[in-house]
Amino acid sequence: MVMSDLTEMLKPYGPYVLAAVTVIYIAYLYINRKKFRSASVLAISAVMAAVTGVTTAFITITTPATGGYLNFGDTMVMFSAMVFGPVVGVFAGGVGSALGDIIAGYPGWAPITLVVKGLEGLAVGYLGRRSDNVSTLVIAGLVGGIIMVSGYFAFEAYMFGVPAALTEVPVNMLQAVTGVIVGTALARVIKKRYPEVEDLV
């Protein structure tokens, strides 16, 4: 089975997977409503997922070797996670980026993106949530970038072979570096000027 076959197989399931994950996420927030401001977290998660989705789909450049594409959605994945933490980060990263795949015309990638970008948002949010220190935020972003690059590489290497997967590593590294730079800059501005934003979740 080649990558195109797999992504073709996954195409019909993307929206259903996102719907199921969203229901699970809402249930998680409800169960933990004493720990989180669940209504506020849900609203912020929805907004950041939408922004991430639009940013992901706004500029797309296809990489022929794997059928993937260059995008700049990682900027919003990292920004969301750095400002609002891992709970919002995992949803905005996973669901938002997968939604971007669907909008951009790559629905077969959505289930893979859901996992990879969700883990990216989770890690960045966990490491960078309570800090406005540039070094801490950059480290958090780099860890998230490594998760993203290695996650896609592992999947593509398994499905398409290592040589083909290696061709997308520079593209994903560019996404990661852009995400770290822009995400950190935006997050630090918000954290410094509007520290009360962090208390919404």
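Contact here means heavy atoms within 4.5 Å. Keep that cut-off in mind for every stop on this tour.

**Before you start**

This is a predicted model, in which local features need pLDDT of at least 70 and side-chain atom pairs count only at pLDDT 80 or more, while totals for chains, interfaces and linings use all residues. Residues are numbered from 1 along each chain as its sequence is written, and side-chain values use heavy atoms, with hydrogens and water left out.

**The whole chain**

Show the protein chain as a cartoon. Its secondary structure comes to 8 helices and 2 strands. Helices (H or I, at least four residues) and strands (E, at least two) are DSSP runs, numbered from the N terminus. From that end the elements run α-α-α-β-β-α-α-α-α-α.

Now look along the principal axes. The C-alpha trace spans about 50 × 35 × 25 Å.

Among contacts between residues at least 6 apart in sequence, 75% join residues at least 24 apart.

Buried residues make up 48% of the 201. Buried means under 20% relative accessible area, exposed over 50%, and partly exposed in between (1.4 Å probe, protein chains only).

**Stop 1: helix 4**

Select 74-84. Helix 4 is mostly covered, with 11 of its 11 residues buried. Among them are Asp74, Thr75, Met78, Phe79 and Phe84. Which elements do the covering? They include helix 3, helix 5, helix 6, helix 7 and helix 8. Step past the end of the helix to Gly85, which takes a positive phi of about 95 degrees.

**Stop 2: the largest core**

A nonpolar core is a set of buried Ala, Val, Leu, Ile, Met, Phe, Trp, Tyr and Cys residues joined through side-chain atoms within 4.5 Å. The largest one has 28 residues, and Val41 and Met48 have the most contacts inside it. Helix 2 (14-31), helix 3 (38-58), helix 4 (74-84), helix 5 (86-104), helix 6 (110-128), helix 7 (134-160) and helix 8 (162-193) each supply at least two residues. Helix 4 gives the largest share, 7 residues.

Center on Val41. Leaving out residues up to four places away in sequence, Val41 touches Tyr25, Leu29, Phe36, Val87, Val88 and Val201.

Then pick Tyr106, Ile112, Val149 and Met159. These belong to a second, separate core of 11 residues.

**Stop 3: Gly73**

Go to the loop between strand 2 (68-70) and helix 4, where Gly73 is found. Is Gly73 buried or exposed? Gly73 is buried, with a relative accessible area of 0%. Beyond four places in sequence, Gly73 touches Thr52, Thr55 and Thr56.

**Stop 4: Arg129**

Move to the loop between helix 6 and helix 7 for Arg129. At 8% relative accessibility, Arg129 counts as buried. What does Arg129 touch? Not counting residues up to four places away, the partners are Met82, Val83, Phe84, Gly85, Pro86, Val124, Lys191, Glu198 and Val201.

**Stop 5: helix 7**

Val134 lies in helix 7 and is partly exposed, at 38% relative accessible area. Apart from neighbours within four places, Val134 is in contact with Thr184 and Arg188. Val134 and Thr184 are 50 residues apart along the chain, with their C-alpha atoms separated by 7.2 Å.

Ala140 lies in helix 7 as well. Ala140 is buried, at 0%. With the neighbours within four places set aside, Ala140 is in contact with Val124, Leu127 and Gly128. From Ala140 to Gly125 the C-alpha distance is 7.7 Å.

**Stop 6: Pro15**

End in helix 2, at Pro15. Pro15 is partly exposed, with a relative accessible area of 44%. Pro15 and Lys34 are 19 residues apart in sequence and 30 Å apart in space, C-alpha to C-alpha.
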